[in-house]
Amino acid sequence: MRARGFAGIVSSESAAVMAVMRQNAKFSIATGYGYDDADAPDDPLLEEFKAMRRKLFTWKDWNVIPPIEYLAPFLRTIRSVETSGPITGVALGAVLKVLKHGLIDVANAHAADAMHAVADAVTLCRFEATDADHDDVVLSKILHVLLECVTCPAGRLLSDDDVCNVVQACYRIGHQSGKESALMRNLSRHILREIVHAVFKGLPEMDGLRASDASEDGAVTTPGRAHHIEGKPPPSPSKQPAAAAALAEGQPPAPAPPTEQGPGAATDAAPRSPTHAGGHAADTERERADLGGHDAELDGGPAGEPFGLMCVLEIFRFSVSFVSLERDADENAEGACAFGLQLVLASLESSGDHFARHAPLLELVQDDLCRAVLSVAPAGHPSTLAAVAAVILQLYLVMHSHLKLQLEAFLRMVLLPLGEGAGGVPMESQRIALECLVDLCRQPNFVPDVYLNFDCDMERANVFEELTTILSRNAFPPQGGVLNPTHLLALEGLLAVVGGIAERSVTAPPVRECASTPSSDLAGGPNATYADIWSEMGSGKARPVADAGLKRATALRRARHLKRRLLTCAEHFNRSMKKGLAYTQEIKLLPDPLEPTAVARFLRYTPGLDKEVVGEYLGDHKDFNVSVLKQYADIFNFKGVTLDKALRSFLDGFKLPGEAQKISRILEVFAARYYGANPDAVADADSAYVLSYSIIMLNTDQHNPQVKRKMTLEQFVRNNRGTNGGEDWPRETLESIFDGIVEDEIKLTDESAPTLTPSRWVDMMRACGDGKGRMLQIPEADEAVLYDADLFAIVWSPTVAATSIVFDHAVDESVLKEALDGFLGIARVAGHHKLCDVMDHLVSTLCKFAAPPYLRGDGGGGGGGGGRKPNGGRQAPGTTRGVEGARAFASNAPEARPSAASDSTSGDLPGYVFMCSNGTRDECLSKKLFGLPHGKLRSSCSTARRAAAAAAAAA
């Protein structure tokens, strides 16, 4: 029955193709050649269909029949240059049905050859163009057949070349000329997303690169036809594999015949429209010869190995190549960039967890993808920015442990600046950034990850503090303003942070007394001695950290404390260099007497130092300062680095002083250090000094707006003639330096608002190579609770203040419920960590909201007040207002007082609403309601009673 069913499918489809062919004049019965109408032979294609149909029902076991036996007539029809669009469309529909019904069984020994033949024929499909609408119908069928080729069970047998050609064909159908209909372009992109999803789903079962895929120098090569996909070249690539380099150069294959149309009809680097393909007669003959040469493949030509990592790498590189955008880009460029991000997102969603298993794929993500995402985010419109945010979130979810430095860049260069909304950021872009930040904060381990890897790392910025600052700043409306969705989004982010801490506190073990390390044991205590913290920071490698647990928590919290102390040292140093170093010695972070090595590392690694002050210190002529300068230069590893890049890194930590003698002294030390690391790159230290000085002059000339006549390349080459030990520098070296300075100015990095520059990215990749790009292991519950206390200390105050604002404005009931849940979460964490001050403040806030308006003393309104800031100094809400508050109560009309809340025997102040009734008062007090001490609640009630009595006596 199964064999008959398959035979019936193929028979009916072949009959449909033959019927359409006979309606075309080219394939109708040949007359006028000595034959009667009844005796005239059919076209060879029709004869092939007839011969195939005679054998269909004689086949019993279709698993041993080569699929090419029944597919050959359909594939020849698809590839024929003489068939019209309707004929080709029916043939494509027949092949699609064969694939959908599973006629090509994976167990068939000839299945791989058949799939190769199908993919090859459809990607090289040709047909006579008619009108645009009918042509689009055929092109859409090509897209669906190619999709089914990849997604069907037998699609796993396609080779790397086959899959790359399929992706290339699908892209060209919708993007050859830019004049395709919106429907065809969107269909093409949809099919590509589905193909990417299907290909990357197989990544978990793939091994590494095969021997035939990688050459000795790391370039990706394969024998025969190179499998690379043509697309937009990547933006400013730092390095490209051989396939991508060939792609960027744009190798033009043979043009298609003028009457043909199909996905392979135009194969230039800038693809042409399939409906307007052009060519010459010689090209036509050559193309037809190629078609004839492929006939052997339809008869069972050999297929390559099933596709593997090489294909995945090329498709991912193809996807990333679209992620580029110039400022003031048009709508088409925005759409192409968003499309590339969607392809990347599809690959990450399919098997992002397995990217790290393959070093070449991980390197593409760390370098090409992350650099492209960082470059397009500032220039992107909301649609592009939404795709960027989705990619950032997905990267964190699937492979954050390998993207420490990239995650910091995403947060500090993209999400936090946009979320702050400063500098004319559009409202919609700000909302997209805040939504991404809120989604990240909702991840269970995001906040501990950020705190451990950045705030507790002495060489990285305090990212969690910056995140909390941005969210709290955006949660408050301006004075007299109203709450808008942006303010509520920021509040939602704060509540998500608190909610995560509260959720962990439910299952976390009780906080042990020994877990809270006193500051005197961390640094600067009265009995502390100098401990060398600088040698590890200057090693160039990732600092060793203890395994997860209490020991690691102690070490990281110590680093956090040291980081805070160093910020204080930086403030003193910025005001007075001498007093700043003395203070640092006093707290035992520098030796006494001072050592040049320790001071050099202090100047290099201490956060918050004024770089102008550092430059003045290093440029001083005193012997000790010169020794510090030499030790400062020795910190850098310039081996194998070009002179201009080495100079960039060296000058990134301080600002060159204004005096020429100080500049000369600094450059002399730099040149000596560079020559020592690269004796073969320059003739001597003096040559390095002269070229370094020339680079600084070039930088000033090119980027100073007061210089009207800029130096040219020829002038720069002429100025440095004979300065390399009496010889000329290689011209390509000087050209590279000149172009690098013109495109990327040497300037100080603003750590408070970092930006992406080529030199900064190179430094980041070098740090990744040194092992500094990996995140620490996620802490377990008993360790996480230790960090939660520190996190909560940072976030609780702005969260309470921001949540209080909600009660001053008319908002939805769901927002009020979320705010109350936030208060409850703060209370839960404060109770777990025994934070009585937080409880006091929280209960005071809630009491103010619970009190009637005539007892608030603020003219009504809610508890927060539109003018309250996260750390405002106003009186805590809900505190007793003294006699004035009681007088306000006493002067009120009796009918305005709530009588059901108290009676004559309760002793309560009339009008106050407590969290417990008269019958449960003792139970509430015994359970220390809200964690308040027993006497404090009684004291509050006594104070209120005395105020009421005083008001009554005065009346």
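Biologist: What makes Asp763 and Arg766 a salt bridge?

Modeller: Their closest N and O atoms are 3.0 Å apart. A salt bridge needs a side-chain nitrogen of Lys or Arg within 4 Å of a carboxyl oxygen of Asp or Glu, so the pair qualifies. Bear in mind that this is a predicted model: local features need pLDDT of at least 70, side-chain atom pairs count only at pLDDT 80 or more, and totals for chains, interfaces and linings use all residues. Residues are numbered from 1 along each chain as its sequence is written, and side-chain values use heavy atoms, without hydrogens and water.

Biologist: Why are Asp763 and Arg766 separated by about one helical turn?

Modeller: Because they are 3 residues apart in helix H33. Helices here are DSSP runs (H or I, at least four residues; strands are E, at least two), numbered from the N terminus.

Biologist: What joins Arg442 to Asp439?

Modeller: A salt bridge, with the closest N and O atoms 3.0 Å apart. Both residues lie in helix H17 (residues 427–442), 3 residues apart, about one turn of the helix. Arg442 is partly exposed at 42%, and Asp439 is partly exposed at 28%.

Biologist: How do you know that Asp744 and Arg648 link distant parts of the chain?

Modeller: Their side chains meet in a salt bridge at 3.4 Å, N to O. They are 96 residues apart: Asp744 is in the loop between helix H32 (731–743) and helix H33 (758–769), Arg648 in helix H28 (residues 643–651). Both are buried. In total the structure holds 26 salt bridges. Asp455, Glu465, Arg560 and Arg564 are linked in a network of them.

Biologist: Why is Ser694 called buried?

Modeller: Its relative accessibility is 13%, so it falls under the buried limit. Ser694 sits in helix H30 (residues 685–703). It touches Phe716 and Asn720, not counting residues up to four places away in sequence. Contact means heavy atoms within 4.5 Å.

Biologist: Why does Arg473 count as partly exposed?

Modeller: Because its relative accessibility is 48%. Arg473 is in helix H19 (residues 463–474). Its C-alpha atom is 7.9 Å from that of Glu420, 53 residues apart along the chain.

Biologist: Which residues touch the most other members of the largest nonpolar core?

Modeller: Tyr70, Ile104, Val199, Phe316 and Leu395, out of 193 residues. Helix H34 (residues 781–806) gives the most to this core, with 12 residues. A core is a set of buried Ala, Val, Leu, Ile, Met, Phe, Trp, Tyr and Cys residues joined through side-chain atoms within 4.5 Å. Leaving out residues up to four places away in sequence, Ile104 touches several partners, including Pro67, Tyr70, Val98 and Ala154. A second, separate core has 62 residues, among them Ala598, Phe654, Val717 and Leu734.

Biologist: How many aromatic pairs are there?

Modeller: The structure holds 29. In one of them, Phe318 and Phe322 have ring centres 5.0 Å apart and planes at 90°. Rings of Phe, Tyr and Trp (its six-membered ring) pair if their centres lie within 6.5 Å; planes under 30 degrees apart count as stacked, over 60 as edge-to-face and the rest as tilted. So this pair is edge-to-face. Phe318 and Phe322 are buried. Elsewhere, Tyr632, Phe636, Phe638, Phe650, Phe654, Phe670 and Tyr674 form one aromatic cluster.

Biologist: What lies over the face of Phe307?

Modeller: Arg156, at 4.4 Å from the ring centre. The rule asks for NZ of Lys or CZ of Arg within 6 Å of the ring centre and within 35 degrees of the ring normal.

Definitions and conventions
Buried means under 20% relative accessible area, exposed over 50%, partly exposed in between (1.4 Å probe, protein chains only).
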